[in-house]
Protein chains: 2
Amino acid sequence: MDCPTDNAEVNLKRAVARIEKLAKKGAQIICMPELFQTRYFCQKEDKELLGLAEKVPGSTTRLLGYIAKKHKVVIVASLYEEHAGHHFNTVAVIDADGKFLGKYRKMHIPDDLKNYYGEAFYFEKGDLGFKTFKTKYATIGTLVCWDQWFPEAARATAKKGAEIIFYPTSIGYQLVDKYGIAEDEHVAWQTIQNSHAIANNVFIAACNRVGLEDKLNFWGTSFVCDPFGRVLAKAPVDAEADLIVDCDLSLIPQMRNDWPFLDYQKELKKHHKKNVYEV
Amino acid sequence: MDCPTDNAEVNLKRAVARIEKLAKKGAQIICMPELFQTRYFCQKEDKELLGLAEKVPGSTTRLLGYIAKKHKVVIVASLYEEHAGHHFNTVAVIDADGKFLGKYRKMHIPDDLKNYYGEAFYFEKGDLGFKTFKTKYATIGTLVCWDQWFPEAARATAKKGAEIIFYPTSIGYQLVDKYGIAEDEHVAWQTIQNSHAIANNVFIAACNRVGLEDKLNFWGTSFVCDPFGRVLAKAPVDAEADLIVDCDLSLIPQMRNDWPFLDYQKELKKHHKKNVYEV
């Protein structure tokens, strides 16, 4: 999605319309980009914007719960959360019966105002640990944007049983490419997420913001890749898109049989018949 | 390198000739593939072959030390080690003055005889932890083949100060591609190693065996990539090659300034001026 307006109500309505359209096309688990109700406000520091934060669960999750139940879809929604005076970059997961399943609070907070990712002003580090949610269609994990650069986050989430890890994301090009590395950063972003799929034998679904907002040109290219890191579908760099992607979850155990990277010590013990001591 | 003969003495001589040639061309740190003195014997289980193991340090490291000192090059050598009745898949690092700097013992041992990587018969899990070595030209880490699939190994090695991580490797195609995934596995191998470079802001140098041996067709394609995961040079899939690659180590701190993935908590504290508590 892009975010052409500051009006959260309008943005939420647009998202709901997209969700309903996707549900009718057969989507089962629907993810929106990071903080989809607002423009990416972390490009500057403004105390007033702390007021954008909402309760989770709260009015937005109630609305999304109604939509989820109506269409029997799971919804993964990135929300700006306020809780007892603390602020978090949160993901809410709503099951296909409309129930609020739980939330994850972003663990890796970029503190990089000079490059227009000044999130430490708005969000504390998450305090819920890494999370998975057993939904109607799959056990999913949720991580958020900067988490995607940290293999530990994907590993911990996969260890908890995730079959698909969703990454609501807001990442883009700097308008001024000082070092000539803009495209290299974009390629690195794809590479590292493909690698999480490989290292953990899971599907990865990254849902990124698109379009120009102030000093950042969000690079879209939302994608889904399979446990071999093969990109199954990818959105354009400069336009909104609906990606509906079949994920054959039986590929996960099949791959783990030959490449047991997630829990190789266990596999080693299970398969081990002889070792040098017994020779 | 390929390995056309079972004769370890001949293979070592070939390696030494290659090292001397590379040194004359200006190479500073020289790495050979995994277990370069022998054909990849882990395709079957044979007690006799346990006798191939040698002391580390021992006669091979003494010879390599002489060559290293003569040409002022660092040598990274993968050796089959026996120590007090225990067997390890070991890397020895020899500094440019010929001194034995230390060794690393492979931590992730594939136990996959059905796919011709039956290493658990020949090697115990390494007991030295992850290692780095401060050589004349760079602080380097060493990991071995299957370690390359595990982000933890690269992370731990980078945390100990590695600027370049060397991976002596023996990986290849199965002769029978049952699932039609041979090339996907090869691409995944490249992807995950590029991702270690990105996640840890380090250079990666993978040095792989090449050529057909029994049931495995080793896929060569040794490469060096920079901290953005950009492949700087790559060997062919089906032939030996000498890769001499300039690694500009100043790229590491430059990249860590914007992408402090290795120790982001420290960076967060260092740069943090305000947070929501202080607002």
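## Charge and surface

Chain A carries 37 positive and 37 negative side chains, and the centres of these two sets are 7 Å apart.

The accessible surface of chain A amounts to about 11,300 Å², with 53% belonging to carbon and sulfur atoms (Shrake-Rupley method, 1.4 Å probe; for residues, only the protein chains shown count as cover).

## Basis of the model

This is a predicted model, in which local features need pLDDT of at least 70, side-chain atom pairs count only at pLDDT 80 or more, and totals for chains, interfaces and linings use all residues. Residues are numbered from 1 along each chain as its sequence is written, chains are lettered from A and ligands numbered from 1 in the order in which they are written, and side-chain values use heavy atoms, without hydrogens and water.

## Fold of chain A

Six helices and 15 strands make up the secondary structure of chain A (DSSP runs numbered from the N terminus: helices H or I, at least four residues; strands E, at least two). The C-alpha trace of chain A spans about 70 × 50 × 40 Å along its principal axes.

Of the 279 residues of chain A, 60% are buried (under 20% relative accessible area, 1.4 Å probe, protein chains only).

## Relation of the two copies

Chain A is superposed on chain B by a rotation of 180° with 0.0 Å of shift along its axis, at an RMSD of 0.0 Å (least squares on the C-alpha atoms of residues with pLDDT of at least 70 in both). The two copies are therefore related as by a two-fold rotation axis.

Notes: Buried means under 20% relative accessible area, exposed over 50%, partly exposed in between (1.4 Å probe, protein chains only). Lys and Arg count as positive and Asp and Glu as negative; His and the chain ends are not counted. The place of a charge is taken as NZ of Lys, CZ of Arg, CG of Asp or CD of Glu.
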